[in-house]
There are 2 protein chains.
Amino acid sequence: MTETDRPLLPPDGAVAVIFISLRTDADDEGYARAAGAMERLAGAQPGYLGLDSARGGDGFGITVSYWADEASARAWRANAEHGAVREMGRERWYRGYRLIVTQVLRGYDWGALV
Amino acid sequence: MTETDRPLLPPDGAVAVIFISLRTDADDEGYARAAGAMERLAGAQPGYLGLDSARGGDGFGITVSYWADEASARAWRANAEHGAVREMGRERWYRGYRLIVTQVLRGYDWGALV
């Protein structure tokens with residue numbers, strides 16, 4: 001993500017999908033292109049509230065996407081283009097991943113994240 | 001974290017605390033020392049289930065800690081030593097942060113994260 005499009009604090013009751021992954025060494029360019037395309041596609045989905053993402057030099061990364069409710073998070077999972085890219089991810093870009101779907105209880109901000 | 005102490009998949013109903021932060025350029029050594037000390041201290045708390053953490057070269061990072069329930073997550077927040085280190089973090093190590101407390105609805109693993 002760019003630092004200029006940071007999501008707002010997700011409201012209580014929103015859904016936060018935590019995606020923890022370990023990259024292979026393969027095809028950084030294809031991965032970056034797919035990640036950008038998926039962020040744009042997610043951004044066009046009803047209920048999408050944004051995402052935060054960080055990955056270290058060791059290839060271990062965490063992405064959290066925020067959704068207005070369970071229905072919008074499930075609709076994104078059911079998106080066909082997203083499904084095709086997930087399949088590519090398992091074949092090519094990820095050694096493994098963990099997905100944890102959560103509901104926001106509360107949150108707050110301190111200082112500046114940009 | 002080291003890759004050898006990955007947490008188990010948190011059970012449904014567990015609490016996942018998402019900590020999103022932007023580091024200053026200051027005092028990497030003190031920060032790393034405090035982070036290690038806090039991980040050990042958290043590990044000694046009842047209800048602690050582990051953490052995942054990733055930070056990119058731009059200083060933007062995400063840490064997710066897992067707790068058995070709300071009570072154990074709140075007890076960690078109330079820990080005095082943890083509070084003192086949080087204060088140091090605001091003075092020295094972080095430009096800003098966002099904290100989002102969530103409850104796990106469901107999760108799954110694919111492949112290997114080590």
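Me: Across the interface of chain B and chain A, how many residue pairs are in polar contact?
Reply: This is a predicted model, in which local features need pLDDT of at least 70 and side-chain atom pairs count only at pLDDT 80 or more, while totals for chains, interfaces and linings use all residues. Residues are numbered from 1 along each chain as its sequence is written, chains are lettered from A and ligands numbered from 1 in the order written, and side-chain values use heavy atoms, without hydrogens and water. A polar contact is a pair of N or O atoms within 3.5 Å; within protein, one must be able to donate a hydrogen and the other to accept it, and residues adjacent in sequence count only if both atoms are side-chain atoms. With both residues at pLDDT 80 or more, the rule finds 26 residue pairs.

Me: Which element gives the most to the side of chain B that touches chain A?
Reply: β1, β2, β3, α2 and β4 of chain B each supply at least two residues of that side. Helices (H or I, at least four residues) and strands (E, at least two) are DSSP runs, numbered from the N terminus. With 18 residues, the element that gives the most is β4(B).

Me: Which residue of chain B meets R98(A) in a salt bridge?
Reply: A salt bridge puts a side-chain nitrogen of Lys or Arg within 4 Å of a carboxyl oxygen of Asp or Glu. The count between the two chains is four. In one of them, at 2.6 Å from N to O, the side chain of R98(A) meets that of D109(B).
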